[in-house]
Structure formats: C-alpha cells, structure tokens
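Work through the exercises below with the model open. Each task is followed by its solution in steps.

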Amino acid sequence: MKHQYKFPLLILSFYLLFINLSYELSAQHNKKITPDDYGKWETLKHHEVAKNGHWLTYRVDNVNKDRTVHLYNIRNKSTRIYQNADNAYFSETGSWFIYEVVLSGEEQKKKTNKKAKENDISDDMNDKVLVNLSSFDTLILSNISKYSFSKRDTYLAMLAQSESSKTLIVKNLESGTQFSFGNVKAFEWSAKREILAMILESKDSTINALQIFSPKENLLKVLDHSKEIYSNLRFGEKSDYLFATKTLKQKNSEEHSYQLLHWHGFSNLNPLFSSFNPALDTSFQDNKRILPSNITISDDGNSVFFEAFSLKAQDQSKQKGIDVNEDLPEVEIWHSKDQEIISQQKKSPLKSSEKPSLHVWHINENKHITLSDSLVNDIRLQENNERFIGLNQSPYMFDAMFGRPSYDIYLINSKNGKVVKALTDIKWVSSVSPNSQFFVYVKDNDLHLYNITNHTSSNITRDLDDAFFRGDSFDYPVDQKPPFSGVISAWNKDGSSFLFNSEYDVWQGYTDGRVSKRLTNGRSEEIIFRHMFLHHKDKFFELDKEQYFSMKGKKSKKTGIAKGIIGKELKVLAFENLSLYEFNQPHKQLDILSYKTQSFDKSPNLNISSLNFKKSRQVSTTNVFQKDYRWGKAELINFKNAKNKLAQGILYYPADYKKGEKYPMITYIYERLSDRYHRYTIPSKNNYYNTTIWQQEGYFVLKPDIEFTPGNPGVSSTKTLENAVAKVIEMGDVDPDKVGLVGHSWGGYQAGFVPTQTDIFAASVAGAGITDLVSMYLAVTPAFDGEPENYHFEVSQERMITPPWITPENYRSNSSVMNVKTLNTPILFEVADKDMNVNWSQGVEYYNAARREGKQFIMLVYKDEGHRIRKEKNAFDYQQKILKWFGHYLKGREAADWISNGIPYRDQINSVK
C-alpha cells in the first residue's frame, strides 16, 4: 500500500523554489492580523443531516460570539443563512426545521453584565422558529422550553412555560389544530407509534399522574396517579415499552426510594403494567433504597438494571423537634486507613466511600436479583448480555490507592445472579462477547482469550510478529504498559471473532482456536490503522459487510480512511496531507458520509460524500477572509530527545518570514505536540498561548515532543529542549540569543524549572505550574474530586515513581524552588487565586525563593480565575503581557513599567494594563 509520487529533479527544484517565492510574496503583500481583527474569526460547530438526506445544517460561531445557522440543500447545493441563531434540528422525517433565536455576541455580553450587576440568576427563554422545508413558511414559538416531533412528523409537542405553570401543546402540523394539557412536567413520544406520554405534577401533588395520549384518536388514558413524584420517563427505542419511576417515602429516613413502573404493548392503547416496589419485595434489603440515576434497560425492554444505596437513618432529634446541631463539634476525622479520603467522599454525590450495589428486575418473570455485593462492587454492565464482568479490587486496594490498580475478575450471570471467580490480579480486561462466551484480558505483556464455558485461557499474541503494547514511548512508570487503543476494539455480531490493535495494524482474533490474522498493512509505511464505526449506534462489526478504518501517518501526520470486507484487501478512499476527522454516517438508510477537514493553513470545514467517498464536496466555507492576511507556514522537524531517540516537533514560521533574516523564537512545551501539526488556530483574545498571534508578531514557534525519564521529568525535559532548540538553530533562521520558553500547567512546571538547568532561553513564561514537587506531592487537589496527589505524582503526569522520602534527591533536583540559585533567566509566572488544579501557593513559593536570591521574577495573580483564565479581559491582559515580556527580552523593545520596577498596589487597583 505504497503512495509514492516521483518528479524529475529539475521540476521538483523549480516547484520548491516557486512555493518559497510565492510564500514570501504573499507575506509581503497581505495584512497583519491585529486584535481588532480577531472578532470575525470563525469556528465550525454542531451539524446534523436530515433523515431524508435532503438537508444538512451546521452552525458557525465567531470570536465575537455571534452565532449563525446554515441550512444546506444537499440536492441543489444552495444555502440559507439564519443570523443570530442556535440549536438547530430537523424533525423526525426531515420535513421540518427548527432553530432558536439568540442575541448577537455583543448584545448577549451587555445582557450578561447587566444581570450580574443586578444579581439576576433567572433563565431567559429564547423564541424558536419552526420552518416548513417544503414552503419555507415559518412560525414563531414563544416561551417554549422543550419541543419534540412525533415519529411521522404529524405532530409537534411543545412545553410552554410561564412563571406559574407549564402547559403541553400538541400541534397537528398538517391541519393546524392543537391540544393543550396543564401541569405537565415532562413528556416523550413513542419511537414506534404516534403516542405521547406525559407526567403531570401540581404544586400540592394532588393531581400527579402519568398518562398517554393518542392525538389521532384524541384519546387520553391515565396509566398511574398518586401524590408521589414521577420521573425517568422513557419509551423503548427497539421495543414497545414505557418506563418511569415513582418516589417511595421511607418510614425511618428522610431519603426517598423509588418504585419502578413498566408498561408494554401499546398497539391498542391498553398496555400491560408491571411494577417493582422494593418495600414489598422480600429479596430487596430493608436498609437500602433505589437510586433514581443510572437506570439502564435492555433493548428488549425486559431487564431493568438499577443501583441501590444504604438508607440514611432519620435524625431522632429532628423527629422530636430538637435542634442539637449547635452543640456538635465542627470537626472532620481523617483516618490513614480511609480508602477514599474525606475530601473525596465530600465530593462524591452520595458523600460516602460506599459504592452503590447493582440490581436487575426481570419483568417477564417479575424477578429481582442483586448482582453486586461488598466484594464484587464494580460491574462492567452490558445490559443485553447474559454475562458480564465484575471486578474486586480488595486484595490490591493499598496499591490501587496510589495509582496501581489491579483486580480479581468475576463473571456475573444476570439471569440467576450467580457470581464465578475467573482470574486474579488483572489490570486490563475487555467486554464480554455478545454471545456471553468469551472475553480478552492482559497478562504478562500478552493478550489472552478466556473461554467462559470451559474456564480456560489461551495466549493469542505470544507467537505473533508485532508489537501489541505501548513500549518505552509510553513513559509513565507502570508495571504493565497498556495495549494499543484498548484491549479489543470490537466484537463481531455473533461473538465468533474480535478486532484488536498492534502499533500500526488491526488484527482479527478468533474464538475457535484459529491463529489471529493481520487485516491491514500499516507497519511497512508507518501508517496507523484503526477500525471505526461510522454510525454512532453501531456496536458490533459484521463479517459480510464493509468496515471502515481510519488512517494516520505516525511521522508524516497524513490522515485518511479505508474500507473493505474483513479479511479481504482494503481500499484506501483518501489519504491526505491534512486532518480528515469526525467521519460519520448520520443515518443507516442514507448513502451519506459527513466529515471535517483542517490543516495549519486551512480552516476547519464540513464535507459530505457517498459512503465510497465519491462525489465528495465541501459544504461550509469558514474564514474565507484569511487570504487577505499573512499566515506563515508550518513544518515537521526531527531531533534526538533526552533518551537519544528520534523525536518530532512542529516549527511554525513568522507570518512575515523572509529567507536570510534572523528571527526570535518562542518554544511552547507540554508533552507530545507534533500530532497537532494539522491544527488550525484562530486568533482570539481568549487564547493567550496563541501560535497564530505569535507568528503575526514575527516569531518562529517551536512545539517539540517531550518524552520524560521517570524519576527525572524536569531534567530530561531540559535535555530534550536543548537538543530541539539546537536543531532549529542549525537551520539558520533563528537568533540563538533570542529564544523564549512558555508553557502552562505541566508545561508551566517545565517552563519554570528548565531555566534553572540551562541558559539557552532569554526569557520564560510559566502558567499555573508546579514549583515544589514535595509540597505538591503532599497536597489534595479539588479539581480531581478531592484526591490526594500521590497517584498523580508517582505513576501519572509527574512520573516520580516513589514518594519524596524514598527518593528525596530526585524531588530536590527536579523542583524549581530547590534550584533557584542557578536561575539566570527572567521568568513571568502566572497564577490564579481560584486554581483548583495547582494551588497558587506553588507560584508564591517560587516567587519568594526567587526574590530571596535576587532573581528577575514577576508573578501575575488573576482574581477569581481558575486553572484556565476564562474572563476575556483577563485572558487578553495575560496575552498582551506575554507579548510585552517577549517583546522586551527577545526583540529588545523598551520594558513596560511592570517589567522594570514593579507597581505599588494602590496604583495597580485601577491602572495596571
């Protein structure tokens, strides 16, 4: 599957010369992008194809937050544009189109600011516009909070909402007649027939009910009524059932449980009713309650899976009308044996380390089964399977608490509740095959197939000539490296085979003992193939139907798509030097494929084609005005990293680049960034690390891939950066004395630390970075659900392997504050006082250390901001301060006052810019 194109040497040389001259002439004559231009730059948003295949809609937003909906006619290629519109959708058959009227970005900003000043937290309801796609007649729908079309588009149901009531209006779209129902809280159309279910709820709960309505027969039927609260209303998609829950008050608890309600068979509007009341079922524990969330129903509608949790006993003092809370001590008890520490438990919805138990109600047998217990409490539910996986982490809990999870594997039988132990000490496991007979797991750097019937295992990768596990390039210090792209990628429909991945290729494994077969041939050209489902509801592949595969050049960064019958030669449909992504077959019955394209210099756009990729055409046209501006170019570079391995990076050229001149360069770092080679970056005031803006300002920008050495992340990053920068300097365009460094979060750690190890950077900007590995290791991070940082530091991003009291020298030698004495590079350090990822005390530590050593160090503290700066005024301020910082140190411009001398606080309050 080679793709080679040969040109005579003379023609190729002329071609390259022509491209270079064209680029230089373009840079000279086009305009520079300024902040006044940012607002018009566009991004491509939500898109949808109508079920009849005649229409497509997509939304385009600009930086000014104006939203525009486009309605595209697939047959005649014409487009209608709706300014200040959002949330556009088609009806069930594609005969109707509806969108929401919104304010312009400027008007919305004024309104938001006004409401903030007035402390107004009310939600505003925008008008909706209903469009007939045959006549283009429109109807304005006001005060509508929710709407839904019936299966054949005969009716439109709309929930009209006012301050005092909610009214359901059912409108006949053919005749214009309508029906109204008061006190409606929720409604749903049947997926099988034009029947509407609704929940009625009054303020005093006197008329709470669940009822169905057939507008064709004008027939209303009450299915259930009580003073309890109904919720979780849903019709089955593949079978004819209706489900809902109803609250059950508990005698000795303030918490509610729920009764499960089920109806099936709506052909004559006389469905059969079943219910599960946990209070009346002796197999359900008295001290537990059904939770209203995470309810899953099998496709046939017969099995309802739900979670239960321990009831909290009612406070006896409250029952007696006594308030004793004032006398209770305000204290939390944190125990070192806690599997989840108190801060984690406080963040959990149930305020406990206890895990909900999983149950199933089999409706046809009216049978309840408890599927999990305190031992096997983590279940990988497959609602349409008889058997699925259960996990027990208890024997490995201490290691799991610090980022090294392992499990004993159990098989759960959903029909009888039987639990059978299958394997011990397993870190990776697949789903169970759709016939409930097999699963695949990882052990000792091989994939194994487990036969559930025989309780036997077979090694399926040991004798295969390929790499199935991520090697040294996966630089996290874990005992078992993960397999490429998951244990398996898909089962086939009958469970007789499955797909799994090597580094480059897709393989087919068999459950009958046959040797696995390579399906693609990517290794020879370093093209990564991966199987993909085009339709979002597909779960299993079929052996006799064409399957689709994504393609990506590991080093070239080309992308594409191929297709073919499993086991036969694949046909490459496209493989281009740009990013082709988000392939989607919107509806199974249509020969339509939608996808997006973008590259560094080509704005993201929406495309459609047939499934064989013929008749492909671009639908959207974003940022057409880009041609009026300088843009620059990007290329991939190769260098040796700290491990002496070949690495890649992206080098972006200044927008006004001229061969022979010397330029300053900004080096932006995080981890691996070269896969972003085809990413298009719009200029924006909200994006402060903006490659396009830096190019416009006359900088080269380097984004190197960083591979870390576990235990020495900062030291290894330094060596990699020295090599990457040296490679660019060799190319002759960058002034070695005018190289800057910038990074945020983990990149901010490196941008703060690396200048303590090397003097190759003239200035650095570090955002929200860690500076003291010891104090951060011992911290608790609110953003990670209150977890302690131990796991994150030892085996995740920081890669430190061990705690600081085991390897103190590693922590010292990789901490910025402990190496501040050798810092010779001016640092601009950004923090935010509401950062929940990296506490801004990390910045304060570095500031105090640098100040004590007399180093050039400026800390910016943004008020009421988090790990990312969200407010435009603050983001733009930081963006411009970065430009001024590098403008001074890399371009020799005069330093702003805040760079030279600092500004007294009283003068900062209203004047700092």
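**Exercise 1. Classify Asp 601 as buried, partly exposed or exposed, then do likewise for its salt-bridge partner.**

Step 1. Set the classes: buried means under 20% relative accessible area, exposed means over 50%, and partly exposed lies in between (1.4 Å probe, protein chains only). Areas follow the Shrake-Rupley method with a 1.4 Å probe, and for residues only the protein chains shown count as cover.

Step 2. Asp 601 has a relative accessible area of 37%, so Asp 601 is partly exposed.

Step 3. The partner is Lys 602, with the closest N and O atoms 3.8 Å apart. The rule asks for a side-chain nitrogen of Lys or Arg within 4 Å of a carboxyl oxygen of Asp or Glu.

Step 4. Lys 602 has 49% relative accessibility and therefore counts as partly exposed.

A note on the source: this is a predicted model, where local features need pLDDT of at least 70 and side-chain atom pairs count only at pLDDT 80 or more, while totals for chains, interfaces and linings use all residues. Residues are numbered from 1 along each chain as its sequence is written, and side-chain values use heavy atoms, with hydrogens and water left out.

**Exercise 2. Which parts of the chain does the salt bridge between Arg 193 and Asp 240 tie together?**

Step 1. Take the distance: the two side chains meet at 2.9 Å, N to O.

Step 2. Arg 193 sits in the loop between strand E13 (184–189) and strand E14 (196–200), and Asp 240 in the loop between strand E17 (230–235) and strand E18 (241–249), so the pair ties together parts 47 residues apart in sequence. Helices (H or I, at least four residues) and strands (E, at least two) are DSSP runs, numbered from the N terminus.

Step 3. Check cover. Arg 193 is partly exposed at 26%, whereas Asp 240 is buried at 19%.

**Exercise 3. Where does the salt bridge of Asp 864 and Lys 834 sit?**

Step 1. The N to O distance is 2.7 Å.

Step 2. Asp 864 is in the loop between strand E54 (857–862) and helix H14 (872–891). Lys 834 is in the loop between strand E53 (827–832) and helix H13 (841–853), 30 residues apart from Asp 864.

Step 3. Both ends fall in one class: Asp 864 is partly exposed at 37%, and Lys 834 is partly exposed at 42%.

Step 4. Now look for shared partners. Asp 465, Asp 466, Asp 505, Arg 518 and Arg 523 are joined into one network by such salt bridges. The total count is 44 salt bridges.

**Exercise 4. Which residues have the most contacts inside the largest nonpolar core?**

Step 1. Define the set: a nonpolar core holds buried Ala, Val, Leu, Ile, Met, Phe, Trp, Tyr and Cys residues joined through side-chain atoms within 4.5 Å.

Step 2. The largest core has 46 residues, and Leu 651, Met 665, Phe 700, Leu 702, Phe 793 and Tyr 846 have the most contacts inside it.

Step 3. A second, separate core has 41 residues, including Ile 682, Val 742, Ile 858 and Phe 886.

Step 4. Zoom in on Phe 793. Beyond four places in sequence, its contacts (heavy atoms within 4.5 Å) include Ile 770, Leu 773, Met 776 and Tyr 811.

**Exercise 5. Which residues make the nonpolar surface patch that contains Trp 805?**

Step 1. Patch residues have over 30% relative accessible area and no salt bridge; like charges are joined within 9 Å, nonpolar side chains (Val, Leu, Ile, Met, Phe, Trp, Tyr) within 5 Å.

Step 2. The patch consists of Val 774, Leu 778, Trp 805 and Ile 806, covering about 430 Å².

Step 3. Trp 805 lies in the loop between helix H11 (790–795) and helix H12 (808–813). At 56% relative accessibility, Trp 805 is exposed.

**Exercise 6. Is Glu 789 buried or exposed?**

Step 1. Glu 789 is in the loop between strand E52 (787–788) and H11.

Step 2. Its relative accessible area is 2%, so Glu 789 is buried.

Step 3. Beyond four places in sequence, Glu 789 contacts Met 776, Tyr 777, Ala 779, Thr 781, Phe 784 and Asn 837.

**Exercise 7. Over which residues does pLDDT stay under 50?**

Step 1. pLDDT is the predictor's confidence in each residue, from 0 to 100. The chain mean is 93, and 95% of residues reach 70 or more.

Step 2. The stretch is residues 1–19, with 9 contacts beyond four places in sequence.

Step 3. Where pLDDT is low, predicted coordinates should not be read in detail.
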